Amino acid sequence: MTVSPVAERVTESFIDGVPVRSAQTYPNIDPSTGATLGDVARAGDKEIDQAVTAARRAQPEWRATTPEQRSELLSRLADLIASEAETLSRLESEDTGMPLRQARNDARVCARYFGFYSHAIDAYYGLSIPLRPDQHVYTRREPLGVTGHIVAWNYPMQLFGRGVAPAIAAGNCAVLKPADETPRTAVYLARLATEAGLPPGVINVVTGLGPEAGAALAAHRTLIT
């Protein structure tokens with residue numbers, strides 16, 4: 001076990017490499033039983049701004065890393081996700097109510113996204129454009145900056161991987177707001193990213209309700225959504 005299971009009674013946001021509390025919480029309900037799985041930090045404008053600020057602070061250093069360095073870190077994260085697949089699957093099964101077998105597949109797909117983009121970034125080159133012998137014209141691929149992600153409840157890990165993996169592989173930093181009902185795997189994945197060696201602030205997860213944290217992320221002016 002590389003990271004202790006997310007067994008806290010309160011699932012907190014994960015910003016700049018550390019858990020972050022909020023003043024309010026809301027209950028996380030197991031849809032298959034109606035039982036309470038614990039409380040979730042009800043973040044809002046303040047925590048979203050904190051996460052975006054952390055991502056912006058981390059972005060210059062992250063964009064300066066080479067594709068080979070990012071490839072190695074994403075590959076390491078893919079391996080950690082695969083090794084923690086059973087814990088992640090059980091968290092997702094409880095949060096979504098989906099069968100455990102289906103949740104296990106979602107964990108595998110998430111790991112594959114990070115594995116795929118760890119290799120894709122190695123071959124992501126600029127292009128030289130032939131014009132005249134006295135001219136040298138080329139394209140240079142650059143990260144956009146800080147990307148925002150709001151993911152649905154039905155396949156939380158798969159949607160996390162599909163959005164975050166290509167973004168950070170290209171040198172961006174990410175702020176993700178998981179669905180209100182399924183926050184725990186996103187927080188766990190962000191913790192694994194820190195353990196894999198990704199710098200604090202590259203992946204940030206802010207929990208909360210859609211009309212509050214989600215709206216604040218969508219309306220933030222300093223990121224790409």
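Biologist: Is Glu47 buried or exposed, and which side chain of opposite charge is nearest?
Modeller: Glu47 is buried, meaning under 20% relative accessible area with a 1.4 Å probe, protein chains only.

Biologist: What's it built on, by the way?
Modeller: This is a predicted model, where local features need pLDDT of at least 70 and side-chain atom pairs count only at pLDDT 80 or more, while totals for chains, interfaces and linings use all residues. Residues are numbered from 1 along each chain as its sequence is written, and side-chain values use heavy atoms, leaving out hydrogens and water.

Biologist: Back to Glu47: which helix does Glu47 lie in?
Modeller: Helix H1, residues 45–63; helices are DSSP runs of H or I with at least four residues, numbered from the N terminus.

Biologist: And what is Glu47 in contact with, leaving aside neighbours within four places in sequence?
Modeller: Ile15, Val20, Arg21, Ser22 and Val206, with contact meaning heavy atoms within 4.5 Å.

Biologist: Zooming out, how many helices and strands does the protein chain have?
Modeller: Seven helices and 10 strands, a strand being a DSSP run of E with at least two residues.

Biologist: How much of the protein chain is buried?
Modeller: Buried residues make up 50% of the 225.

Biologist: And what box do the C-alpha atoms fill?
Modeller: Roughly 70 × 35 × 25 Å, taken along the principal axes.

Definitions and conventions. Lys and Arg count as positive and Asp and Glu as negative; His and the chain ends are not counted. A salt bridge is a side-chain nitrogen of Lys or Arg within 4 Å of a carboxyl oxygen of Asp or Glu.
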